[in-house]
Amino acid sequence: MTDTVPTRPNTQPTTDPGVQPGEESSAQPGHVMPGERRHEHLRNYPPVSDWDHHVEHDAKAHPRKVPHSYMLIPTTCFNCESACGLLAYVDKEDLSIKKVEGNPAHPGSRGRNCAKGPATINQVNDPERILYPLRRTGERGGGGWERVSWDDALDDIAARIRKALLEDRHDEVMYHVGRPGEDGFAERFLQAWGVDGHNTHTNVCSSGARFGMTLWGGFDRPSPDHAKAKVILLLSSHLETGHYFNPHAQRIMEGKQAGAQLVVIDPRMSNTASHADLWLAPWPGSEAAILLAIAAHLLATRQVDEPYLRRWFNWETYLAELHPDVEPTFENFLDRLEADYAGYTAEFAAAEAQVPVERITALAELVAQCDHRLSAHVWRSACAGNEGGWQVARCLWFVLALTGSIGTPGGTSPNGWDKFIPHGPDMPPPHDRWNELTWPREYPISTNEMSILLPHFLAEDRGRLEVYFSRVFNPVWTYPDGFSWMKAMSDTAKVGLHVALTPNWSETAEFADYVLPMGHSLERHDTHSYETHAGRWLGFRQPVRRVAMEKMGHPVDDTREANPGEVWEENEFWFDLSWRIDPDGSLGVRRYFESPYRPGEKVTVDEYYRWIFENRVPGLPEKASAEGMTPLEYMRRYGVVEVGDEIYRQDERAVPDADLAGAEADTAAETRGVLRTPTTEDSAGPLIGEAGAIGVRHDDGTATAGWLTPSRKLEVYSPMMRDWGWPEHATPGYIRSHVAAKNIDLAAGDLVLVPTFRLPTLIHTRSGNAKYLNEISNSHPLWLNSRDAERHGLATGDLVRLSTAIGYFVARVWVTEGIRPGVCALSHHMGRWRLHDAEGSRWVSGLVDITHPDGEDSFFLRYRGGVEPFESDDPDSKRIWWTDPGVHQNLAFGVQPDPWSGMHCWLQKVRMERAHAGDRYGDVWVDTARSREVYREWLAKTRRTTGPGGMRRPEFLMRPLKPVRRAFRVEP
Ligand code: SF4
């Protein structure tokens with residue numbers, strides 16, 4: 001932890017909330033939360049010693065004093081990826097959950113939450129949530145459902161999976177996850193089943209940014225140390241909605257209060273930009289040019305960290321590949337690097353970005369003064385918007401390296417240094433399968449699964465799915481080209497059985513065969529760890545009523561006993577399903593779901609986590625013992641444990657002598673010094689990439705861990721890009737976006753649409769069931785600069801038709817100076833709809849009709865009405881005053897996969913015109929035949945190839961569910 005004391009305005013009572021004025025506080029001033037040093041702000045929370053019995057007076061009974069006794073049970077939030085700590089107030093009388101607040105013991109969130117954390121209580125109590133397993137009756141999407149028992153649903157699903165495994169149809173089983181919210185568990189059941197069926201949402205989210213960073217060091221995300229930074233450089237909206245929103249936001253403000261300069265690069269005036277010392281609003285897609293101009297300035301003025309670059313850049317390879325005639329010295333490298341980037345002048349960047357050149361120069365000079373304390377982040381935004389957007393992340397990392405800010409206090413580390421993933425007992429080994437529905441040949445270097453193309457691959461008969469799990473995932477609404485998803489999901493020949501694992505209705509669940517209710521963050525177990533700062537922690541999500549019941553002497557065998565209705569938790573679901581797939585153990589699946597303490601019997605969640613906490617979390621047994629607890633009791637008490645603090649420069653971690661003993665150093669030029677231990681797995685194959693690598697020996701004789709690239713260095717020249725057919729992009733560079741200014745004809749009505757910005761108070765699908773959040777955010781304006789509005793003769797409130805490559809939608813204009821000219825923006829959270837009255841959250845969605853006015857390929861969505869009050873057990877549902885469900889713009893976007901990273905390039909070239917006669921707000925029309933053409937146009941940009949040795953994919957690139965090495969090679 002840092003020593004910085006947060007100095008935010010005190011919005012919490014400064015005494016124990018259960019204490020009346022004049023009464024004595026029960027807080028123990030001497031108590032220090034685990035993982036925390038003593039901070040004044042901890043007095044804002046009930047002391048841990050009171051958590052089993054905390055008394056508060058009923059606010060509604062005021063001025064009478066009516067006490068209520070609560071048990072405070074920690075868990076973690078599931079409403080974005082940050083997994084902030086939560087503390088649930090469970091009423092000891094009736095076991096109802098009264099409210100949810102922050103958990104002060106959590107080292108990432110430190111007791112604080114955004115609005116979405118406390119709103120978890122709405123999701124739990126929502127009258128619209130799904131409480132029982134449902135089975136489809138009638139045709140898919142027809143709205144017919146019947147209640148089914150868990151046993152019947154599980155038996156059916158298990159029988160189909162078992163049959164697929166027995167018939168060697170492993171690739172027909174797929175698990176497609178939206179918000180994972182956990183680390184390490186999905187790998188267990190998929191590897192145990194032997195299927196390569198892991199699919200994610202990452203290529204609509206972050207695969208562009210991940211790719212740009214991975215090219216440098218093999219890690220795929222940054223972990224900025226904002227609180228100690230001198231300069232904070234953000235290319236997304238981290239104070240309001242960016243990655244690790246609340247944990248980062250509080251540290252950014254600490255950094256600012258300590259004097260850091262905040263720079264924001266965003267075409268839209270976000271809340272973050274409003275706090276910036278310097279805001280640049282560039283033409284979308286020009287961000288890499290700006291960063292390269294900074295790099296060129298640093299090189300030209302030699303304000304670079306030469307010792308760092310000499311030791312950690314693979315500069316010999318850079319020279320050998322690009323300047324083979326030059327003597328290979330570091331000094332020559334620096335000279336050549338400077339010359340190679342000299343063309344990226346401030347003037348060039350200013351012209352690309354269409355911002356004043358003085359702003360670029362000022363930014364470059366500011367960065368040059370950062371004293372190794374440049375903390376930076378780019379997530380979604382430019383990397384997720386543009387063809388070649390991954391170069392933005394790569395160029396940002398270039399600037400970080402040049403300034404010597406990688407892994408330093410106040411700098412930026414790779415995520416893996418600040419993340420900790422323990423696995424459970426007897427982890428199943430990797431399999432040897434390769435599913436080309438998710439890892440197709442056309443995208444050999446894609447960061448993640450090519451999930452946006454699944455409907456098109458199914459339409460081309462590249463495969464079919466026997467069992468498809470969608471899990472906290474709503475592609476019909478969240479993804480581009482949603483009508484193609486709807487078509488695929490409706491086709492029982494393509495998708496044999498669709499099982500939606502979800503806490504609430506969604507546009508995708510409407511097309512499922514089973515809808516199985518899964519718990520919210522107060523109703524399930526998970527472990528997870530995220531890079532919120534320069535430390536490491538392991539969070540423990542838990543079903544709070546179950547924990548309270550057990551503490552009060554009521555044993556619980558199954559989380560369904562403690563949850564509302566028949567809502568379950570996924571871990572117990574997967575344990576049970578896996579046993580049913582392999583009831584006698586003959587498939588070799590069941591053994592991975594047996595108790596480590598009771599051989600041959602089904603593992604319980606208590607046993608699973610007990611084993612992890614006792615065996616896989618360094619320091620936890622000792623911390624627990626110091627408080628007289630078992631490790632599991634400790635985690636149930638605090639909901640988190642800190643496993644590392646003040647973590648910096650892990651690249652310089654010495655390779656242990658024991659590991660060095662059997663290691664040999666490579667002598668090949670590009671991997672010189674890489675230390676390897678013999679690898680036995682598939683040893684007939686060539687040693688490529690990181691195979692067996694444990695570190696690198698430097699010229700000075702030291703042996704350190706280094707990076708995860710084939711060279712164990714930071715690769716300023718990427719041999720991988722060369723070997724996989726892209727030598728022209730082997731170094732950091734600038735790729736003009738598909739929406740570069742030269743492609744946009746403003747006079748003809750073109751604009752760039754930014755459809756990706758988030759609202760800080762909404763969650764993708766699940767905020768539909770959070771009434772507090774819908775009351776805060778319930779309108780969907782199209783941001784339009786006044787110059788563009790004037791050119792089009794538009795005013796706030798006017799309806800416009802925005803045409804894309806595959807269709808159009810109708811939105812309502814908001815004229816503002818908060819967005820740069822030439823660009824319009826529509827937040828990606830709204831436009832929720834339902835086909836049938838009972839299938840969706842009425843807090844947020846409108847009923848729609850979907851018709852086919854021009855043949856079966858054409859789709860037209862029109863709202864029958866807006867959001868309206870409704871009758872329910874919650875009297876607030878009658879008080880709904882808002883009406884706007886928004887515009888489902890994603891339906892009108894064709895798939896635009898970046899040819900390298902596979903990231904969907906979200907930014908759209910649109911043509912804007914006044915709404916036509918008969919157009920209505922929220923209308924969407926799409927030609928899915930055209931969307932197939934767009935798919936083929938973008939597919940044609942790829943270079944289908946294999947790498948050295950016939951490899952399908954570079955080994956060092958991350959891959960969820962990584963198979964054994966031989967699966968990487970295409971069979972001759
Ligand atoms: S930032 Fe907000 S939504 Fe995200 S985990 Fe924290 S409290 Fe939950």
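Two strands pair if DSSP finds at least two bridges between them. Helices (H or I, at least four residues) and strands (E, at least two) are DSSP runs, numbered from the N terminus. On that basis, seven strands form an open sheet in the order 6-5-17-16-15-7-8, with mixed pairing. The model is predicted: local features need pLDDT of at least 70, side-chain atom pairs count only at pLDDT 80 or more, and totals for chains, interfaces and linings use all residues. Residues are numbered from 1 along each chain as its sequence is written, and side-chain values use heavy atoms, leaving out hydrogens and water.

**Sheet**
- Strand 6 (144–147) and strand 8 (198–200) are the edge strands, each pairing on one side only.
- Strand 16 (residues 495–502) and strand 17 (residues 514–517) pair in the parallel sense over four bridges.
- L501 has L516 of strand 17 as its bridge partner.
- Helix 3 (residues 185–193) packs on the sheet, touching strand 7 (173–177), strand 8 and strand 15 (465–471); contact means heavy atoms within 4.5 Å.

**Helix pair**
- The axes of helix 4 (residues 207–217) and helix 14 (residues 390–402) come within 7 Å and cross at roughly 40 degrees; axes are lines fitted to C-alpha atoms, for helices over the stretch in contact, and angles run from 0 to 180 degrees between N-to-C directions.
- Residues in helix 4, including F211 and W216, meet residues in helix 14, among them W390 and W397.

**Ligand surroundings**
- The residues around the ligand (a heavy atom within 4 Å) include C77, N113, K116 and F245.
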